[in-house]
Amino acid sequence: MQSSLTTRIFVALAAGLIFGTLSRVFFADVDFIHQTLIHDLFGTAGGLFVSLIKLMVVPLVFISIVNGVCSLENLGQFGRLGTKTFLLYLVNTVLAIAVALTLALWLAPGEGAGLTLNGQPFTPSFTEPPSLLQLVASVVPSNPFKAFVDGNMLQILFMAIITGIAIKGLGGEESRAAARGFAIANKVMMKLVVMVMSLAPLGVLFLTTGLAATLDTRSIAAVGSYVGSNIAIMLLWMLVFYPMVVSLFTGISPWLYLAKLREQIFFSLSTASSNATIPVTFKTLTEKLGVDKTVAGFGVPLGATMNMSGSAIYMTVATIFVANAYGTGLDASQMVALATTTFMLAIATGGVPGGAAVMTGVLLHQLGLPMEAMAIILATDRICDAFVTATNVVGDTAVSTLVAKTEGSICHNALKSTDNILVEG
């Protein structure tokens, strides 16, 4: 019997972590293992796999959104679906920030570290947060080709939505013909997803080996309270909050829900990219959880763009850590600014590895905290970012499942199936 993709990904994940750790501990001075085998060979192979995934992201997002809009019976359904999904993503991010801020203040990561700048105590200089209007204005691209080249998901989503609306507006045979074209293109993309994802175990093996072989354990130990607090809050959100909310509103058992998400969680942990996990999230929703393709096709790309609860938690905890470590703390006005700015930056965070760390630098600057602390944030980013991605994509799945429930678009027969979602058979 062919082993399931879940099992193979898990084995690859474990093997990569073990092999990478052993190479770092016992063969630190062997250049062939670290340079030639892990860095050159495994690093290149892992990079190729991630590139294959990224290759599908832009066309998959555009085609799936257009196909989703074309599949709607009427544009009123689109407005209802879009409003529900959009609002749930915003509420999710707000709640994540509130919980992260509360728990981070209680856990107080970095408290007593006594970090200084050149031996002198640090004095913060608060600046104004970025404008929300600028973020809204950037949604409409002046150059559609540049949007595709840069992979600007908000702009691509906008173009896909208006394209789908235009096709629906044609009416008659022209509208049906264009809709059929995008439906076929969507099937082609799904076939491509299956082909590329069959390589997932190898990709995960290469990526995790390189990760484990290059971790700086001394840096991690120095900021253990920060890393531990960040991961603990994200695990709470991902493994407790989401399953309980889904169970409350859909009746799906939390344990069954998490079991259906195994491939998605393992894959997101290894790639640390919400965008790269889009195909897996879509397949998890449609084939594991029985969510209608129209709901998933709209919710998943939108979620990968703006549903960044993991990023919001990461930035909030990192900022509290830096403030504590440098002995400045945050007053009430700064906490309000922290929450507001984190909300806007989380929506604008790219679904790529390191995206949350980059936005943390922006947040530190806005709050007048020392940018020198980015050395610590970046040193531990590879660990935290994996959990950021997993939290983000599980949130995409949770919101799409809730929307599907309100639309009566969940096939409960799929929930009873234990078939592998990414291997045809």
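Me: Accessible areas come from the Shrake-Rupley method with a 1.4 Å probe, so what does the accessible surface of the protein chain come to, and which atoms does 68% of it belong to?

Reply: In this predicted model, the accessible surface of the protein chain comes to about 18,300 Å², and 68% of that surface belongs to carbon and sulfur atoms.

Me: How many helices and how many strands are there in the protein chain, and what share of its residues is buried?

Reply: The protein chain has 20 helices and zero strands, and among its 425 residues the buried ones make up 51%, where buried means a relative accessible area under 20%.

Me: Why is F158 called partly exposed?

Reply: F158, a residue of helix α6, which covers residues 153-170, has a relative accessibility of 29%. The class of partly exposed residues lies between the buried ones, under 20%, and the exposed ones, over 50%, so F158 with its 29% counts as partly exposed.

Me: Why is Q155 called buried?

Reply: Q155 is also placed in helix α6, but its relative accessible area is 13%, and because the limit for buried is under 20%, Q155 belongs to the buried class.

Me: What makes Q334 a buried residue?

Reply: Q334, which lies in helix α16 (residues 332-348), has a relative accessible area of 10%, and because that value falls under 20%, Q334 is buried. Its C-alpha atom is 7.0 Å from that of L367, although Q334 and L367 are 33 residues apart in sequence.

Me: How do you know that T277 is buried, and what does T277 touch?

Reply: T277 sits in the loop between α12 and α13, and its relative accessible area is 0%, so with the limit at under 20% T277 is buried. Leaving out residues up to four places away in sequence, T277 touches Q264, F267, S268, T271, T389 and V393. Among these, Q264, F267, S268 and T271 are themselves buried residues of α12.

Me: What makes helices α12 and α13 mostly covered?

Reply: In helix α12 (residues 262-271), eight of the 10 residues are buried, among them E263, I265 and F266. In α13, 10 of the 11 residues are buried, including I278, F282 and K288.

Me: How many cavities does a search of the whole structure find, and what lines the second largest cavity?

Reply: The search finds three cavities of 30 Å³ or more, and the second largest cavity holds about 40 Å³ of space. Its lining is made of L60, S64, N186, M190, I278, F282, V300 and P301, with at least two residues each supplied by α2 (31-71), α7 (172-197), α13 (278-288) and α14 (293-306).

Me: How do the residues of that lining divide into nonpolar, polar and charged?

Reply: Leu, Met, Ile, Phe, Val and Pro count as nonpolar, and Asp, Glu, Lys and Arg as charged, and by these classes the lining has six nonpolar residues, two polar ones and no charged ones.

Me: What makes a set of residues a nonpolar core, and which residues have the most contacts inside the largest one?

Reply: The members are buried residues of nonpolar types joined through side-chain atoms within 4.5 Å. The largest nonpolar core has 101 residues, and those with the most contacts inside it are Y226, Y257, I313, Y314, V322 and I377. Setting aside neighbours within four places in sequence, Y226 is in contact with P109, Y314, V317, A318, F321, I377, T380 and C384.

Terms used:
Residues are numbered from 1 along each chain as its sequence is written. This is a predicted model: local features need pLDDT of at least 70, side-chain atom pairs count only at pLDDT 80 or more; totals for chains, interfaces and linings use all residues. Side-chain values use heavy atoms; hydrogens and water are left out. On a 1 Å grid over the protein atoms alone, a cavity is a set of points where a 1.4 Å probe fits but cannot get out, and a pocket is an open set with protein on both sides within 12 Å along at least five of seven lines; lining residues have an atom within 4 Å of a point. Grid points are joined across faces, edges and corners, and a volume is the space filled by probe spheres set on the points. Helices (H or I, at least four residues) and strands (E, at least two) are DSSP runs, numbered from the N terminus. Buried means under 20% relative accessible area, exposed over 50%, partly exposed in between (1.4 Å probe, protein chains only). Contact means heavy atoms within 4.5 Å. Accessible areas come from the Shrake-Rupley method with a 1.4 Å probe; for residues, only the protein chains shown count as cover.
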